[in-house]
Every structure is written in structure tokens, then in C-alpha cells.
Amino acid sequence: MDTMQKKSRNHSKLQQNFMAAKQMSLTLLVDKERNKVIYAESGKDFVEILLSFLTLPIGTVIKLSGKQSKMGSLTMLYKSLEELDLEFPNTKACKDMLLHPKSSAEELYKNLPLIVNRGATYRTKYYICSLECCVGIHHLVSTVKDAPCLCGKKMGWRVPEEKGDLNADGEDGVFIEGKMRFMIRDDLKISVVSSWKSFALLKKFGVSDTSVLEEMNVNVGEEEVLHLLKRLLLSKTPLTDVFLGELNVDERVDLDLKVIALDSEEMVEPQTEKEICTEYSKKMIVKLYQNKLNKKVLYAEAGEEFADLLFSLLAFPLGSIVKCLGGRTSMGCLDNLYKSVEDLNFKDCMKYEEFKAMLLDPKLPPYFGTKNQLLQIEEQAPCPMAFSRVMRSIGLSTMNQKFPDAVTELGGSFVAGPALFMVTDELVVKPLSPMLGVSFLSNFNIPVSDIEEQIVWMGEKEAMSLLGASLISNSVLTDVFYHKRPRQMETKPNRRMFSAHDFI
Ligand SMILES: [Zn+2]
């Protein structure tokens with residue numbers, strides 16, 4: 001065989017490997033009559049993709065879903081940040097950080113190509129000003145190109161990263177080891193294969209005549225992974241939606257969103273400003289402007305710390321949201337997926353115990369925390385592991401992009417202050433303008449005499465309610481302060497809703 005032939009054979013083998021990495025196959029057991037997936041059977045590759053969803057920040061899912069995302073009020077929050085004037089975030093990087101949040105599990109994604117592609121996540125790039133510059137003990141590293149270095153120059157030189165995958169052959173899993181096969185129910189409950197479970201599922205779905213069943217092999221590529229990610233948060237039947245759905249799955253709205261059970265204590269009583277000031281220092285004051293007849297909040301007026309708290313929710317990984325809300329987010333099948341990881345069946349196949357913690361309690365990546373976040377999700381310490389050994393040997397310190405100056409410690413906030421903001425009931429956040437308040441009244445056709453002001457405080461409990469409501473409701477502030485449970489999101493609202501465009 002001549003060299004040319006060899007080369008072309010190698011090339012086509014490489015290409016095959018590349019294609020194999022981009023596609024995986026899945027066997028579905030389908031009820032033909034009802035056009036429904038009973039369950040899917042797969043190896044660990046597909047399950048690992050599903051598990052990795054728990055480490056993705058909610059802001060990433062909103063970004064990927066675009067205008068079609070129907071995730072409560074978080075989509076409005078995301079759009080508000082996109083439109084927010086650059087003078088308000090502490091640095092330009094702050095806005096970018098929350099619009100394109102990172103995952104603390106990023107290092108593992110290099111073995112999950114289907115997750116990395118399509119902008120779901122990307123490898124962080126690091127920059128320094130030059131190898132010669134050494135102000136202080138360590139070289140300063142920035143994740144933002146051309147950030148100012150301590151020496152005054154721009155940091156524009158890209159630091160080489162560690163090469164080579166954790167398991168380049170792709171044989172070994174990311175989270176899971178061994179050759180176990182898995183059953184994935186349509187509602188994304190995952191377990192190791194079991195005949196008993198299979199028969200139990202058939203009974204559950206009332207299938208006695210097995211002739212209605214059909215085995216179906218499907219390929220899973222980037223497109224399907226992206227759809228699954230979106231349907232995971234909206235639907236109770238993501239596998240059916242993605243693999244059997246005739247409709248554009250993005251256009252389908254589920255009517256079975258159940259309301260979330262929040263703290264059943266008495267609703268938060270409005271207090272006087274003086275009372276509030278003597279409260280625990282971590283609480284923040286929020287003024288609500290509401291219709292006194294129906295206690296519907298029109299908007300809230302608050303300082304930069306409230307805007308900061310809200311925007312920082314976008315960096316929360318899905319798994320941490322489920323954990324924060326005690327496994328009851330009511331978002332599609334997210335709770336089921338989370339519960340599957342908790343399930344003991346995974347005990348023997350999870351590669352490392354830490355990976356289980358990474359999925360069930362994912363941390364924020366370094367510098368993605370803020371002092372104003374009342375739900376203190378743990379923040380990962382800056383880690384130099386991503387750099388090549390040579391670069392690590394010269395000593396590097398990453399910069400906290402939330403500060404305009406060279407700061408390497410954690411802390412700080414995304415939104416600069418002092419500043420005042422208005423936040424609508426569906427979480428449109430804008431710099432405060434009394435004229436906007438007036439336009440609210442005319443848009444909703446409410447007489448000035450019906451408006452009252454209430455002062456409330458935001459503490460950890462309220463922040464938790466707010467997180468829960470923001471996922472599924474479009475009247476978040478009313479739900480947090482006047483309802484024990486957020487109301488189900490209206491799919492066809494009969495009242496006119498405010499949108500970011502009302503302010504233009
Ligand atoms: Zn320098």
C-alpha cells in the first residue's frame with residue numbers, strides 16, 4: 001500500500017471518529033398507537049449528556065432558547081440585562097459574564113462534544129500582558145482580552161492551555177464508569193436497565209398488547225441535544241417531544257406546569273422603613289408600587305443590590321437551583337433528572353464521589369458570586385489547572401473581572417452603585433425613571449388614587465421564593481409578597497403584559 005493510500009485511510013478513520021463523537025444512538029421503545037416514548041435504552045454516553053445539563057447555568061439555557069424560551073420571568077430578566085446601559089454593570093465584563101455564564105464543570109465538557117458545540121459552553125480563554133511583565137508576585141491573568149494590567153499595558157497575549165483530553169480514546173466516561181446500560185423514561189427518570197422496571201412501565205402505561213410497541217433507533221446529534229435541553233425545562237415528555245414530535249417543539253407550550261410549593265408561612269408583612277433598618281443586615285429594602293384594590297404589584301423600586309441579586313440568578317447552575325428549592329422546581333423534568341442522580345442505582349457506576357456532588361450541588365465558577373446574592377451558592381476557588389504546566393510554573397493569578405482594577409480575590413458585585421432601579425412584576429429591570437412609572441399607570445389604565453406604596457424586605461427566604469417564582473411565573477413580585485404560591489403561568493394572558501419593548 002503506498003503512502004498516499006495510507007494517508008487517505010487514516011484520514012477517513014479520523015473523520016469517522018470525529019463523526020462518531022458527534023453522534024450517538026439511542027433505542028426507543030415506542031407506543032405506536034399513542035405516539036409516545038415509553039422509555040429509551042442507551043449506554044452511558046447519552047446519560048452523561050443528560051447529567052451534564054445539571055451543571056449548565058440557567059442563563060445559558062435562556063441564551064440557547066432565544067426568544068422561544070418560556071422560562072417564567074427569567075427570559076425577561078435576561079433581555080433586561082442585554083439592554084442595560086453599560087454604565088450600570090461594574091465593568092463591561094460583568095455584563096458578558098452573566099449573558100454568557102460559565103459552568104464550573106467546564107473542564108469536563110471537553111469529553112462531551114455535543115455539549116460544547118452550538119455555544120452551550122466554551123473553553124475559557126486566558127490572557128496576560130506579556131511573559132516579561134511581573135508586577136507583584138504573580139502574573140495577572142484575565143479572562144477578558146485587553147483588560148488593563150497592573151503595569152498599565154493591555155492583557156492581550158493568550159495563555160496556552162493544557163493539551164490532551166482526560167480520555168482521548170473516548171472509551172471511558174466523564175461521570176460514569178463501566179459498561180452499564182441505562183433506561184431513561186420519557187420524564188427523564190434514569191435507572192440502570194432492569195426487566196422488572198420495563199414490565200412495570202408497560203403496566204403503568206396500560207400496555208397489555210405488546211404489538212403496539214415498536215423499537216426505534218434514533219441518532220442523537222447537536223440538534224437533538226439542544227432540543228432536549230430546552231424541553232427538559234418545559235415538558236413532562238421531552239423524549240417524545242424531541243424524537244416523535246411532529247410540531248416544532250419550541251412552539252409547543254405545556255399546560256401541565258404545576259405550581260411550586262413555596263414556604264407555607266404567612267405572607268411577608270410590609271414593615272416600616274425604620275423596622276426594616278434594624279433587621280438583619282443581609283436583608284435589603286424594596287419599595288413595591290401596587291394596585292391597592294387587587295394587591296397586584298406594578299413594579300418595585302430598589303437599589304443596585306436588588307438588581308445585582310436578580311441578575312446573578314442567571315449564573316446559577318440548574319442543579320443548584322433544584323437543590324436550593326428542595327427538589328421542587330416544577331420545571332419540566334428537571335426535578336426527575338436531579339432525583340435520578342441522587343438515586344442509589346448510580347452509586348456503583350459514578351466514577352468519583354465528587355462528580356455526584358458536582359451534579360447535585362454544582363458550584364458557581366470563580367468570580368460568579370456576588371456579595372448581594374442572598375442565596376449563597378458556593379463559589380469555586382480560582383484554579384490554575386487549566387493552564388499548561390509551563391505557565392503554571394511561572395505563577396499566575398486570575399483577575400476578578402467584577403472590579404475595574406486588578407483584584408484577584410473573590411467578592412464584589414455585578415451592578416455598580418449607588419443606583420436606583422425599577423423591577424416589574426415579570427422581572428424587567430430598568431434604571432429608575434418616575435416617567436416610566438407614569439406610563440405604567442396609563443398602560444394598565446389604573447388611576448393614581450389606586451396606587452399605594454409598600455415597603456418590604458428581601459431576605460434569604462424571600463430570595464428563595466423569588467427564585468422559585470421566577471422559573472414558572474410572570475408575576476414574580478406579587479407571588480413572592482402576596483401569594484404563598486406563585487400562580488401558574490398564563491399561556492394566553494387576557495391582560496396586557498409588559499415587555500421590555502414598552503419602555504422604548
Ligand atoms: Zn503587565
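Reader: Which hand does the crossing of helices α4 and α5 have?
Author: In this predicted model, α4 and α5 cross with a left-handed sense. The term means that the near helix is turned anticlockwise from the far one by less than a right angle.

Reader: Why are α4 and α5 called roughly antiparallel?
Author: Helix α4 (residues 74-83) packs against helix α5 (residues 92-99) at an angle of about 155°. Angles over 145 degrees count as roughly antiparallel, and α4 and α5 therefore get that name. Their axes are 10 Å apart.

Reader: Which residues make the contact between α4 and α5?
Author: Helix α4 brings Y78, L81, E82 and E83, and helix α5 brings K95, L98 and L99.

Reader: How many residues of each class are in the contact of α4 with α5?
Author: Four are nonpolar, three are charged and none is polar. Leu and Tyr count as nonpolar, and Glu and Lys as charged.

Reader: What makes T408 count as partly exposed?
Author: Its relative accessibility is 27%. Buried means under 20% and exposed over 50%, with partly exposed in between; T408 therefore falls in the middle class.

Reader: Where is T408 found?
Author: T408 sits in the loop between β13 (396-398) and β14 (420-424). Leaving aside residues up to four places away in sequence, T408 touches L140, Y367, S397, T398 and N400. S142 is 266 residues from T408 along the chain, yet the C-alpha atoms of the two are separated by 9.7 Å.

Reader: How do you know whether the faces of strand β8 are covered or open?
Author: Look at both sides of β8 (residues 182-185). F182 and I184 are buried on one side, and M183 and R185 are buried on the other. Buried means under 20% relative accessible area, so both faces of β8 are covered.

Reader: How do you know that β2 and β8 pair?
Author: Two strands pair if there are at least two bridges between them. Strand β2 (residues 36-42) and β8 have four bridges, in the antiparallel sense. In this pairing, A40 stands opposite I184 of β8.

Reader: What joins β8 to β9?
Author: Strand β9 (residues 190-192) runs antiparallel to β8 and is joined to it by three bridges.

Reader: Which order do the strands of the open sheet take?
Author: The five strands run β9-β8-β2-β1-β10, with antiparallel pairing.

Reader: What makes β9 and β10 the edge strands?
Author: β9 and β10 (213-220) each pair on one side only. From one strand to the next, the twist averages 25°.

Reader: How many bridges do β1 and β2 share?
Author: Strand β1 (residues 24-31) pairs with β2 over five bridges, in the antiparallel sense. D31 has K36 of β2 as its bridge partner.

Reader: Which helix lies across the five strands β1, β2, β8, β9 and β10?
Author: Helix α7 (residues 195-204) does, running at about 15° to β8. Angles under 35 degrees count as roughly parallel.

Reader: What makes strand β16 mostly covered?
Author: Of the eight residues of β16 (451-458), six are buried. Strand β11 (residues 284-291) is joined to β16 by eight bridges and runs antiparallel to it. The bridge partner of N291 in β16 is I451.

Technical notes. Residues numbered from 1 in each chain as written. Predicted model: local features only at pLDDT ≥ 70, side-chain atom pairs only at ≥ 80, totals over all residues. Heavy atoms only, no water. Buried < 20%, exposed > 50% of the residue type's maximum accessible area, 1.4 Å probe, protein only. Helix = DSSP H or I, 4+ residues; strand = E, 2+ residues; numbered from the N terminus. Axes fitted to C-alpha atoms, helices over the stretch in contact; angles between N-to-C directions. Contact = heavy atoms within 4.5 Å. Parallel < 35°, antiparallel > 145°, perpendicular 65-115°, else oblique.
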